[in-house]
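Have your viewer ready, and let's walk through this model one selection at a time.

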Amino acid sequence: MRLLHTSDWHLGRAFHRVNMLGAQAGFIGHLVETVREHAVDAVVVSGDVYDRAVPPLAAVELFDDALHRLADLGVPTVMISGNHDSARRLGVGAGLIDRAGIHLRTDPAGCGTPVLLSDAHGDVAFYGLPYLEPALVKTEFGVEKAGHEPVLAAAMDRVRADLATRAPGTRSVVLAHAFVTGGEQSDSERDITVGGVAAVPCGVFDGVDYVALGHLHGCQTLTGRVRYSGSPLPYSFSEHMHRKSMWLVDLDAEGSVTAERVDCPVPRALARLRGTLADLLADPELAAHEDAWIEATLTDPVRPDEPMARLTERFPHTLSLLFDPERAPDEPGVSYARRLADRTDQQIAEDFVTHVRGAGPDGREQGVLRDAFDAVRADDTVREVAR
Ligand SMILES: [Mn+2]
């Protein structure tokens, strides 16, 4: 059986000030073309279909168009909700579109109930594990501690228990939206840390033939049978080195996996430039980036006049301008953005306590901060307002 694995479409998301709907529509066209051209038997979409719980109308219409085109091809599609989707909103009508071969799995209670598809070698059971927010699903899974690992482990126990009741030789695919240890992050994934822990070990997924992961936006291979497709489009400059792709996965009669990478269309290249404004405007080596989306970091010791206007004369698609003046080592003035880069919300809050009080938080206070962040992340309404 041949699968096409993709995830993290984030329909409705903009890239800085660029509306990406046209590029997202271009990707949907490419997806449909790939399904046709490579004789795909099933499409799997591992969460973050939308960028937000209440997506803009144009994004909903694009999703509707994608479902119609996939249904018209007669190729079954299995989808789950991600941490950016509202599982309940996305799941409306799921029972009905099931009849058209679009299997949308957004209910944690359904983790152990597969979509069964078959080929000449027998059945393949597809288990859709929607994004499991630990605090919200711990009762459903009867786990004591709200963490990603315990709830995913409990969901996988249900998968293995169901699989054990299937005909011998039944092959299995799991869709999950999670941060698995060893995966490489970028700046466009929303932090899902709970209790100080974000990642789950790969071993949680033992016992199935292929694990189609979503959440991390870089295409990557954790093991031969556990992979991230990544997002089809870049959503932050930290992805400037990514090659955006989908996985074309062949499951043979025994459930062995061969995977081939299929590239997604590139609407425009990304580049990160660094130097003084004069250098960036003059350096002939930068000619190759003149048509790219640009993030420029200016190192001038004194901020130049109208830097954006001057930069866009050479690089009309400059989207992000940062300042990181080069000073003598004893001079203060590291930029705010630089100080926040690569830091978690928890670290930033702890530093703030240190800054205003002169002494950092103790263990109990760290716990209070962690619980507060967990509570905000678990609350749909706050998440929506916080955006
Ligand atoms: Mn995502």
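How many nonpolar, polar and charged residues are in the lining of the largest pocket? The lining has 16 nonpolar, twelve polar and 17 charged residues (Ala, Val, Leu, Ile, Met, Phe, Trp, Tyr, Cys and Pro count as nonpolar, Asp, Glu, Lys and Arg as charged, and the others, Gly among them, as polar).

Before you go on, note that this is a predicted model, where local features need pLDDT of at least 70, side-chain atom pairs count only at pLDDT 80 or more, and totals for chains, interfaces and linings use all residues. Residues are numbered from 1 along each chain as its sequence is written, and side-chain values use heavy atoms, with hydrogens and water left out.

**The metal site**

Select the manganese ion: Asp 8 (OD), His 10 (NE2), Asp 48 (OD) and His 217 (NE2) coordinate it at 2.0 to 2.4 Å. Donors here are N, O and S atoms within 2.8 Å of the metal (3.2 Å for Na, K and Ca); water is not among the atoms, so sites may look incomplete. Along the chain, the donors follow the spacing D-x1-H-x37-D-x168-H. Next, colour Asp 48, at 1% relative accessibility, which counts as buried (under 20% relative accessible area, with a 1.4 Å probe and protein chains only). His 217 is buried too, with a relative accessible area of 1%.

**The sheet**

Now show the strands (DSSP runs of E, at least two residues, numbered from the N terminus). Six of them form an open sheet in the order S6-S5-S4-S1-S13-S14, with mixed pairing; two strands pair if DSSP finds at least two bridges between them. Finish by selecting Ile 80, which stands opposite Arg 105 in S6.

Conventions. Buried < 20%, exposed > 50% of the residue type's maximum accessible area, 1.4 Å probe, protein only. Helix = DSSP H or I, 4+ residues; strand = E, 2+ residues; numbered from the N terminus.
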